[in-house]
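Subject: Structure handover

Hello,

Here is the structure for your files. My notes follow below it.

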Amino acid sequence: MQTILQNLLNGIAAGSIYALIALGYTMVYGILKLINFAHGDVFMLGSMMGFYGSRWLHRLRGGEALAVAESSWWSAVLILLFAMVVCGVFGYLNERIAYRPLRNAPRIASLITAIGVSFFLEYGGQMVFGPNPKFFPSIIEKHRLEFFGVVTTSYQVIVLGVALFFMLLLQYIVFGTKFGRAMRAVSFNYETASLMGIPTDRVVSTTFVLGSALAAVAGILYGLSYPKIDPLMGIMPGLKAFVAAVLGGIGNVPGAVIGGLIIGVVEAFVAGSQWSTYRDAIAFVILILILLFRPSGLFGKSQAEKV
Amino acid sequence: MRRSSLLKSWWVRDLLGLLIGIGVLLGLSWVLQRVPIVGIAYYFRIVILIGINIILAVSLNIINGHAGQFSMGHAGFMAIGAYGSAYLTFFFFGPYVDKFPEGTQRFVLQNVLFLLALILGGLMAAVAGYLVGLPSLRLRGDYLAIVTLGFGEIIRVILLNVEKLGAARGLSGVPPWGNFFWVFLFAWITILVSMRLVNSSVGRAFLAVREDEIAAEAMGVDTTRYKVRAFVIGSFFAGVAGGLFGHYMSYLNPAMFQFVKSFEVIAMVVLGGLGSISGSVVAAIILTFLPEGLRGVKGWLNTSADPRMVLYSIMLIVLMLTRPQGLLGRKELWEVLARRKDTVQKDARDEEEGKMDRGSGPSIDA
């Protein structure tokens with residue numbers, strides 16, 4: 001019973017990180033029908049910015065370069081904001097340079113540039129940050145907590161809290177603001193939305209900024225939970241988050257969150273069993289099984305084909 | 001002069017072409033092995049990798065370009081072919097051939113068994129292609145793409161866990177039987193099959209499925225059957241390419257077949273122009289050579305890190321931004337060239353007509 005609860009908790013913590021990345025995939029897909037393969041690497045960029053951000057912050061305060069950065073709530077929030085801003089700017093430039101010129105080209109062309117941007121971040125990251133793994137600093141103090149025999153750390157609680165906060169924030173933005181309404185309109189029909197006076201280009205840019213900022217949050221939370229980070233770390237979580245988005249029905253915001261949680265929990269249980277070496281495959285097995293029975297994901301709309 | 005009726009049938013011509021091709025390839029590989037240039041081995045290696053990538057790109061073009069089914073699992077099929085054929089040669093054929101003394105008998109036996117292993121590896125990949133093609137009964141577009149991607153990753157993770165095939169350490173000591181001749185023979189066959197396929201009834205059905213599935217179905221095309229067929233044919237050649245790759249490298253590792261490998265092949269097909277066979281070939285050559293050709297930049301920039309893959313990715317983005325429809329679009333190389341020639345001739349004719357117009361006026365000589 002305890003191990004089940006333990007696995008469940010670990011799974012939800014990992015799943016909420018997947019969910020944050022999946023939100024970026026699903027928003028971009030919902031609007032542009034583009035699989036933004038560079039998104040997993042934006043997540044890596046966020047994690048790296050957390051690493052360098054905490055270093056610079058420490059140096060700004062006159063600390064020694066290699067000493068452990070002091071951990072306080074304020075510095076953690078600053079680091080988080082820094083990473084979100086850098087990733088947001090990157091997301092904007094990415095859309096502007098690599099995707100917007102291809103808006104009217106065949107859809108597959110922007111998929112290839114997405115792959116190109118992904119390669120660029122991976123190899124460029126190896127050049128700029130160095131190929132060796134780095135140790136993500138503990139930007140907040142770590143405590144050991146125990147409830148009913150289930151061991152957890154303050155980090156897991158923070159991961160859950162921060163992830164939940166940003167998911168609710170996104171939910172509010174999409175369903176409660178004027179911008180969100182514009183976003184949903186663009187996602188419903190791009191051309192009609194632009195005829196109705198919605199500045200579609202600006203909506204698309206903002207969506208990319210939002211998605212990339214969420215990826216940065218996920219990157220920092222990932223760094224807290226699994227402190228070894230390197231330029232290729234975004235590949236697998238990115239791919240699994242994409243699977244999570246498809247699982248929930250791509251283009252559907254709550255679907256991405258639930259898909260992420262499902263994958264995180266199932267992976268935690270597989271990792272705790274004798275099949276642990278198959279952990280990386282299980283996300284895809286679930287995906288194939290679900291798509292066989294629900295071809296457009298759990299919450300996806302199955303669109304009637306027009307003749 | 002009338003051509004004999006025998007030469008008119010396409011298969012006789014193809015067979016003749018193939019025989020001539022075999023002769024040319026044998027001659028070329030004989031010459032290339034004896035060229036006394038220092039460092040030729042390095043270029044030779046690139047040429048062989050280009051050949052393997054041509055097979056991969058042209059075979060993926062059958063699935064993605066002709067039948068319009070977006071597959072992102074080509075590395076998975078390649079892995080099945082590579083490990084399948086390596087399993088046969090490593091455990092059975094290799095030790096069997098080793099019992100024979102050096103000589104013609106051994107040489108012939110080795111190559112016959114290698115061909116057999118390649119074809120069996122390809123067939124294993126084709127069976128997998130059949131199994132993956134089946135979900136295309138229900139899935140469309142991006143959902144199918146992600147299922148094929150997932151399939152490729154599942155294959156890789158399974159291979160990571162098979163102790164007998166070396167698991168994560170990789171399988172070293174695969175008989176090094178792959179060579180220039182076999183690689184380009186199969187590249188030739190792949191291109192030939194692909195070209196014959198487009199102009200056959202099957203190929204026409206593929207194109208119909210790509211253009212409009214509903215319309216194709218209304219016209220009586222069994223869309224599911226043709227989609228699965230495209231997957232089977234494409235994955236067979238991907239498996240053969242994998243077998244050639246494994247036997248050329250003489251080492252296999254599941255990490256060679258990550259989905260990044262599928263992406264590289266997709267980039268070749270899209271860059272060449274979806275549906276253009278010669279485009280796939282051209283793009284396979286460019287994208288294989290590009291990272292190697294950029295090797296010089298490292299010394300030039302004087303950095304410790306290797307910037308060539310960064311440049312590769314930037315060039316991929318720039319190429320795609322400048323030619324969104326691919327280098328050749330949906331046309332074949334000779335169509336593009338022929339049209340250029342036509343326009344040149346037309347221009348020349350126009351010019352001549354212009355001259356005549358001018359000449360028709362009162363002239364001094366007259």
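**The hairpin in chain A**

S2(A) and S3(A) form a hairpin with 2 residues between them. A:Phe148 sits in the turn and has a positive phi of about 45°. The pairing is antiparallel, over 4 bridges, between strand S2 (residues 144-147) and strand S3 (residues 150-153) of chain A. Strands count as paired if DSSP finds at least two bridges between them. A:Phe147 stands opposite A:Val150 in S3(A). Helices (H or I, at least four residues) and strands (E, at least two) are DSSP runs, numbered from the N terminus.

**Conventions**

This is a predicted model, where local features need pLDDT of at least 70, side-chain atom pairs count only at pLDDT 80 or more, and totals for chains, interfaces and linings use all residues. Residues are numbered from 1 along each chain as its sequence is written, and chains are lettered from A and ligands numbered from 1 in the order in which they are written.

**Chain A overall**

The secondary structure of chain A comes to 11 helices and 4 strands. Its radius of gyration is 19 Å, close to the 19 Å that the globule rule gives for 307 residues, so chain A is as compact as a globular protein of that length. (The radius is taken over C-alpha atoms; the rule is 2.2 Å times the number of residues to the power 0.38.) Along the principal axes, the C-alpha atoms of chain A fill a box of roughly 60 × 50 × 35 Å.

Buried residues make up 50% of the 307 residues in chain A. Buried means 20 or more other C-beta atoms within 10 Å of the residue's own; exposed means 12 or fewer, and partly exposed is in between, with C-beta atoms placed from the backbone. Among contacts in chain A between residues at least 6 apart in sequence, 77% join residues at least 24 apart. A contact needs C-beta atoms, placed from the backbone, within 7 Å.

A:Lys33 is worth a look. It has phi near 55°, a positive value in a residue other than glycine. A:Lys33 is in the loop between helix H1 (2-32) and helix H2 (39-60) of chain A. It counts as partly exposed, because it has 15 C-beta neighbours inside 10 Å.

**Chain B overall**

Chain B has 15 helices and 2 strands. Of its 366 residues, 43% are buried. Of the contacts in chain B with a separation of 6 or more, 81% are between residues 24 or more positions apart.

Helix H7 (residues 180-198) of chain B has 19 residues. From first C-alpha to last, H7(B) reaches 27 Å, close to the 27 Å expected at 1.5 Å a residue. (The expected span is 1.5 Å times one less than the number of residues.) Its buried residues include B:Trp182, B:Phe184 and B:Phe186. The buried residues of H7(B) pack against helix H2 (10-32), helix H3 (40-66), helix H10 (223-249) and helix H12 (277-293) of chain B.

B:Phe231 lies in helix H10 of chain B. It is buried, because 27 other C-beta atoms lie within 10 Å. Not counting residues up to four places away in sequence, B:Phe231 touches B:Ile63, B:Gln69, B:Gly129, B:Tyr130, B:Val132 and B:Gly133. B:Phe231 and B:Leu131 are 100 residues apart in sequence and 9.1 Å apart in space, C-alpha to C-alpha.

B:Ala167 also has a positive phi, of about 45°, although it is not a glycine. B:Ala167 lies in the loop between helix H6 (141-161) and strand S1 (171-172) of chain B.

**Core and interface**

The largest nonpolar core has 200 residues. Such a core is a set of buried Ala, Val, Leu, Ile, Met, Phe, Trp, Tyr and Cys residues joined through C-beta atoms within 7 Å. A:Ala19, A:Cys87, A:Val217 and A:Val243 have the most contacts inside it. Among the residues that A:Ala19 touches are A:Ala163, A:Met167 and A:Leu261.

Between the chains, 35 residues of chain A are in contact with 31 residues of chain B. Helix H4 (107-128), helix H9 (235-247) and helix H11 (279-293) of chain A each supply at least two residues of the side of chain A that touches chain B. H4(A) gives the most to that side, with 13 residues. By class, the side has 27 nonpolar, 6 polar and 2 charged residues. Here Ala, Val, Leu, Ile, Met, Phe, Trp, Tyr, Cys and Pro count as nonpolar, Asp, Glu, Lys and Arg as charged, and the others, Gly among them, as polar.

Best wishes

Key
Two residues are in contact if their C-beta atoms, placed from the backbone, lie within 7 Å.
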